[in-house]
Amino acid sequence: QIVAQSLSLPITMTVFSFIGIAVTSATVVIFGQAIWDPVQLLAKFPPFVILLGTIVIVISSLTINVGANVVAPARAIENLYPKRITFGIGAIITGLFAILLQPWYIMSNFGNY
C-alpha cells in the first residue's frame, strides 16, 4: 500500500493541479479575468450546465465529507461494542452527535467558537 500511494498520490495531485491551472488560465483567455471559484465560473454558463455543475459539486462535496468526517468516528463508535453496534448504527450515532453540536450556531458567529 505504501508503494501504491507513493506513486499514485503525487501523480493524482499533479493532474488535478494541472487541471485547475489550465481551467483558470482558460478563463483569462475566454472571459478576460482569472476565475478561481468554481461557482463563479459555473455562473457564466447556460442554466442546464449550471444545473449539472451544481449537482456535481454537491455530490462531490457530500462524498468527500462523508469519507473524511463520518467513516472514522463511525468505526470508532462501532468498536466500542462490536457485537451490537454495526457500522450503520455508528454512522447514525455520529450524525446525531454532529447535529447535537449545532455547527450552524458555531458558524453563525465565530465568537461563539
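In the protein chain, which helix has the lowest confidence and which has the highest? After that, please describe the largest pocket and its lining.

Modeller: This is a predicted model, in which local features need pLDDT of at least 70 and side-chain atom pairs count only at pLDDT 80 or more, while totals for chains, interfaces and linings use all residues. Residues are numbered from 1 along each chain as its sequence is written, and side-chain values use heavy atoms, without hydrogens and water.

Confidence is lowest in helix 6 (residues 103–108), with a mean of 80, and highest in helix 4 (residues 71–80), at 93. The score is pLDDT, the predictor's confidence in each residue, from 0 to 100; a helix is a DSSP run of H or I with at least four residues, numbered from the N terminus. The mean for the protein chain is 88, and 97% of its residues reach 70 or more.

Now the pocket. On a 1 Å grid over the protein atoms alone, a pocket is an open set of points where a 1.4 Å probe fits, with protein on both sides within 12 Å along at least five of seven lines; lining residues have an atom within 4 Å of a point. The largest pocket has a volume of about 230 Å³, a volume being the space filled by probe spheres set on the points, which are joined across faces, edges and corners.

Its lining includes F16, V23, W36 and D37. Helix 1 gives the most, with five residues, and helix 2 (38–42) also supplies at least two. The lining divides into seven nonpolar, two polar and one charged; Ala, Val, Leu, Ile, Met, Phe, Trp, Tyr, Cys and Pro count as nonpolar, Asp, Glu, Lys and Arg as charged, and the others, Gly among them, as polar.

Helix 1 (residues 2–31) is followed by G32, whose phi is positive, near 85°.

Terms used. The expected span of a helix is 1.5 Å times one less than its number of residues.
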